[in-house]
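Have a look at the view below before reading on.

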Amino acid sequence: MRLRVFSVLPAVAALPAVALAALVAAGPAMAATGASDVADQLKKSPVYVDPGAASQLSPAQADALAKKIKDADKPLFVAVLPNSAAFPKASILQNLRTDTGVTGLYAIRLGDAFTSGADRKVMSPQAVKNLNSAVRAPGTGGDAVTQLNAFVDKALPQMKGHAPASWGGGSGSGGGVSSGALIGVGAVVVAGGAGAYALVRRGRKKKAEEERAALQRLQIVVDEDITAFGEELDRLDFHPAEAGADDAMRADYERALDSYETSKSLMAKAERPADVTGVTQALEDGRFSLATLAARREHRPLPERRAPCFFDPRHGPSVEDATWMPAGGAPRQVPVCLADATRLRDGQDPMVREVDTDQGRRPYYDAGPAYGPWAGGYFGGGMLPGLLMGTMLGSMLSTPAYASDYGAGSYDAGAGFDGGDVSGSDFNPSDFGGGDWGGGGGDGGGFGGGDW
């Protein structure tokens, strides 16, 4: 029977750009000449098998692995590559993340070697390290099929984020596209495309509204912080040209002023809760500069760089750690200012920062998830979850949904990209955990360091 090619064209014409890209991606895989070629393929599908490594993973096995990842809706990228000069161990992982430009977890099988790395928003460095070790352990199977499936099965339940929008379809290994497939895909897209697009729009609109509401509530507290720091500067009896002032004092003073202006500028541009982290980080820098300036003027030893007072960062840098226990929680060490340290030793309650909630004034750590980015700018890194364990905010920080909703999984200024978001090359290599290949030899390097 003669195939009527023209009957396929209306369906194809109705396909949106993403679906067309998926059909193109389903074509035969081309040999990659470097990380950028591999990245182009991973933007279309979660699994890429280079023809030079085709013996490691069959087309059917690659398709099954890709389907598993897509069904989980997670930003996990797998590349199976030959051990060649086109893919140098020292840089392939970082270059692949840079060229793909999507926040996620990246796994590479390079010849017989395996490694992976992830943005902190998607998986912690320690979790990546543990996974790498687990799938390389003796007795777990050294072939690519066993190793990659084990890695994917272990990784997917632990990951945060969502699959990138560019994965409209396709497979990891390729294959031809039949006219029947074109007709079927076209019919599905025409029938359901409008409804799916409407659902996506509603979901994005709802999330945007929630973020705006959270930012509005958070802005009140941040504005109080900025105002308080501005008042500290106004009360400061220091003039750069005064007798006894030296260059170090003037530099401290300038840094404090710059921090104040930076905090105001960043808050004015904030569009989502995660943007607030940079504001409070600038305020913390400014208060430490004032503490250093005061020590220089009073001829005291310069202060150690410590976190601000846990109970209220407006109290300034902490001077010691003290044991504190929230209601119903376990004791833990928290950084405290001198005044709160004295209160605790005297058996009194510390002066805790309270904020407005629907239930009245509450300590910030029991006031809701929006305060995570605010506190993250002050305390940063991995310190905050430990300080807040057993509190409402601490419980929320540990949930996978938190970073997706409030963009503060790593508490780094500017780290507003969630798993699956396109960040391009805007990521900090030091925040990309993993990258060791295991074993010995090689010249070192990779994300997060580690021997080859």
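1. Some ground rules first. This is a predicted model, in which local features need pLDDT of at least 70 and side-chain atom pairs count only at pLDDT 80 or more, while totals for chains, interfaces and linings use all residues. Residues are numbered from 1 along each chain as its sequence is written, and side-chain values use heavy atoms, with hydrogens and water left out.

2. Start with helices H4 (residues 59–72) and H7 (residues 144–155), which pack at an angle of about 5° with axes 11 Å apart. That makes H4 roughly parallel to H7 (angles under 35 degrees get that label). Helices here are DSSP runs of H or I with at least four residues, and strands are E runs of at least two. The axes are lines fitted to C-alpha atoms, over the stretch in contact for helices, and angles between N-to-C directions run from 0 to 180 degrees.

3. Who touches whom in that pair? From H4 come Gln61, Leu65, Lys68 and Ile69, and they meet Val145, Leu148, Asn149, Val152 and Asp153 of H7 (contact means heavy atoms within 4.5 Å). Sorted by class, the contact of H4 with H7 has 5 nonpolar, 2 polar and 2 charged residues. Ala, Val, Leu, Ile, Met, Phe, Trp, Tyr, Cys and Pro count as nonpolar, Asp, Glu, Lys and Arg as charged, and the others, Gly among them, as polar.

4. Is strand S4 (residues 113–119) buried or exposed? Mostly covered: 7 of its 7 residues are buried, meaning under 20% relative accessible area, with exposed being over 50% and partly exposed in between (1.4 Å probe, protein chains only). In a regular strand, side chains alternate between the two faces of the sheet. For S4 both faces are covered, with Ala113, Thr115, Gly117 and Asp119 on one side and Phe114, Ser116 and Ala118 on the other.

5. S4 pairs with strand S3 (residues 105–110) in the antiparallel sense over 6 bridges; strands pair if DSSP finds at least two bridges between them. Arginine 109 has phenylalanine 114 in S4 as its bridge partner. This hairpin has 2 residues between its strands, and glycine 111 takes a positive phi near 65°.

6. A second hairpin joins S7 to S8 through 2 residues. Strands S7 and S8 (residues 360–363) run antiparallel, joined by 4 bridges, and glutamate 354 has proline 363 as its bridge partner in S8. S7 (residues 354–357) has a covered face of Val355 and Thr357, and an uncovered one of Glu354 and Asp356.

7. Now the charges. The structure holds 24 salt bridges, each a side-chain nitrogen of Lys or Arg within 4 Å of a carboxyl oxygen of Asp or Glu. One joins arginine 297 to glutamate 242, with the closest N and O atoms 3.3 Å apart. Arginine 297 lies in helix H10 (residues 276–297) and glutamate 242 in the loop between H8 (179–235) and H9 (247–269), so the pair ties together parts 55 residues apart in sequence.

8. Arginine 345 and glutamate 320 also form a salt bridge (3.1 Å, N to O). Arginine 345 is exposed at 54% relative accessibility, whereas glutamate 320 is partly exposed at 26%.

9. Finally, aspartate 340 and arginine 343 meet in a salt bridge at 2.7 Å, N to O. Aspartate 340 is buried at 0% relative accessibility, and arginine 343 is partly exposed at 22%.

Key
Parallel < 35°, antiparallel > 145°, perpendicular 65-115°, else oblique.
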